[in-house]
Amino acid sequence: MATANIGFEEKLWSMADKLRGSMDAAEYKHVALGLLFLKYVSDAFEEKYEALKHEPYADPEDRDEYVAANIFWVPKEARWSYIKDNAKKPEIGQIIDNAMIAIEKENPSLKGVLPKDYARPALDKTRLGEVIDLFSFKVGDEASRSKDVLGRVYEYFLSKFASAEGKNGGEFYTPNSVVRLLVEMIQPFKGRVYDPCCGSGGMFVQSEKFVEEHQGRIGDIAVYGQESNPTTWKLCKMNLAIRGIDGNLGAHHADTFHNDLHKNLKADYILANPPFNISDWGGERLTEDARWTYGIPPAGNANYAWIQHIVNKLAPSGVAGFVLANGSMSTSTTAELEIRTKLVNADLVDCIVTLPGQLFYSTQIPVCLWFIAKNKAPKGLRDRRGEILFIDARKMGHMVDRTHRELSTEDIRKIADTYHAWRGQAEAGTYEDVKGFCKAAKLAEVQEHEYILTPGRYVGIEDVEEDSEPFEDKMARLTAELAEQFAKSRELEEEIRKRLGGIGFEI
């Protein structure tokens, strides 16, 4: 996230959260994010409207002027100025619903995307009016767009809602530091980017940022996604629209396994954070599926179905990076072990990274990243056929609060540079194995370890600095410290006995 006005998102969140009152976070998410979106399209429209008023021969009410500039057409009754003027009226909920309906009607790409239940009796209209006042700052004019003000607020709100919803938060949000690590490692400069379970679209947003940071153009990548949850699919459509990303998310939400909306797609880059260990994914109905090149995944766990779906979607030189639960690296159930064995022997597994715990809002399960490469000897890179890179990053990251950990920019750079150096990217320096952190293992070694892909098996234990304190001195110091702690413990015990005795309880 950009550092400019970093406190701004936080201030806005704490104010918006106050207005939430007793409303459930999952419900309030759509109220707040829907209004932010409405404000954004209105700002962009009104700025263009003012500019056209000062242009000779231009008609500010001519829709084509807006379409040409890639700006949504906003009818009068949906413009923020009108909504703000009516914010204190009891019928404000109906006014917003009408605005959303009008915007969808005028802009086919938003059809069925915007929330339209602001008039429901359960929504406190006074609070709704206060949220409208709160959001009455510029987010969609050119200066704010260039600073990505709304994008940052939207992303910050998504992360906060994910945190508030805890377990369910993971369905629509992957923590930013994990997304950045995946994107930095596979470097989607140009081509087709696909996410088969795209949530609210974080992988796409970060890919676009990556392209822009490396002096590319936003049109250099084409975005394809699919999402099975209908409300999350809408969040994603709004998230991409806010950032001007023209993504193909299919015409509706759909289950990737049972209704693949991008059947013939072959992607250059795949980024994904599939839901972990799903047991009811309907695998028993897909035993004949063409995607299972390396074996039929078990009906009780979708992890290996996701892996094979991703492999199936890669172009001949495509690269994929995705998050899975740690069990995926070592599971020994017959079907999964057989699939993993075949994937390793087909030389598709490029790199495995184990991450520290507590990175996710939705689960304390420790996770790992898998990287799959269809071509391990591409032009311009080292021939790394017959090798897998293992990185153990479990000790990295820092706690940002009591329950959540984040990877810093330096952590991300260290892991990504290690992978790039191993791949033979000159700018990343020369690769070397580092005990306790990374190891380039030959396939024969992986076969010896019975195809278990846990990095800890390969990287070894880091060399600990030699302790220079002589053993006798150390023992004398430690026993003195221990004696002191015993004495203190006896004092405390005596004090507790006295206090209990004083109120008639003898021990």
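My entries on the domains, their interface and the salt bridges follow.

I note that this is a predicted model, in which local features need pLDDT of at least 70 and side-chain atom pairs count only at pLDDT 80 or more, while totals for chains, interfaces and linings use all residues. I number residues from 1 along each chain as its sequence is written, and side-chain values use heavy atoms, with hydrogens and water left out.

**Domains.** I found the chain divided into domain 1 (6–165), domain 2 (176–385) and domain 3 (469–506), with bounds that come from an automatic or database domain assignment. I looked up the C-alpha centres of domain 1 and domain 2, which lie 31 Å apart; their contact (heavy atoms within 4.5 Å) takes 23 residues from domain 1 and 15 residues from domain 2.

**Interface.** I read the area buried between domain 1 and domain 2 as about 1,600 Å², with carbon and sulfur atoms giving 65%; buried area is the accessible area (1.4 Å probe) that two parts lose on being put together, summed over both. In domain 1, Val113, Tyr154 and Glu155 lose the most area to domain 2, together 32% of what that side buries.

I then searched this interface for salt bridges (a side-chain nitrogen of Lys or Arg within 4 Å of a carboxyl oxygen of Asp or Glu), and the rule finds 0 between domain 1 and domain 2. Helix H2 (25–53) and helix H8 (149–165) each supply at least two residues of the side of domain 1 that touches domain 2, helices being DSSP runs (H or I, at least four residues) numbered from the N terminus. The largest share of that side, 9 residues, comes from H8.

**Salt bridges.** For the structure I noted 28 salt bridges. In one of them Lys76 pairs with Glu61, the closest N and O atoms being 3.8 Å apart; Lys76 sits in the loop between helix H3 (63–68) and helix H4 (80–85), and Glu61 in the loop between H2 and H3, 15 residues apart.
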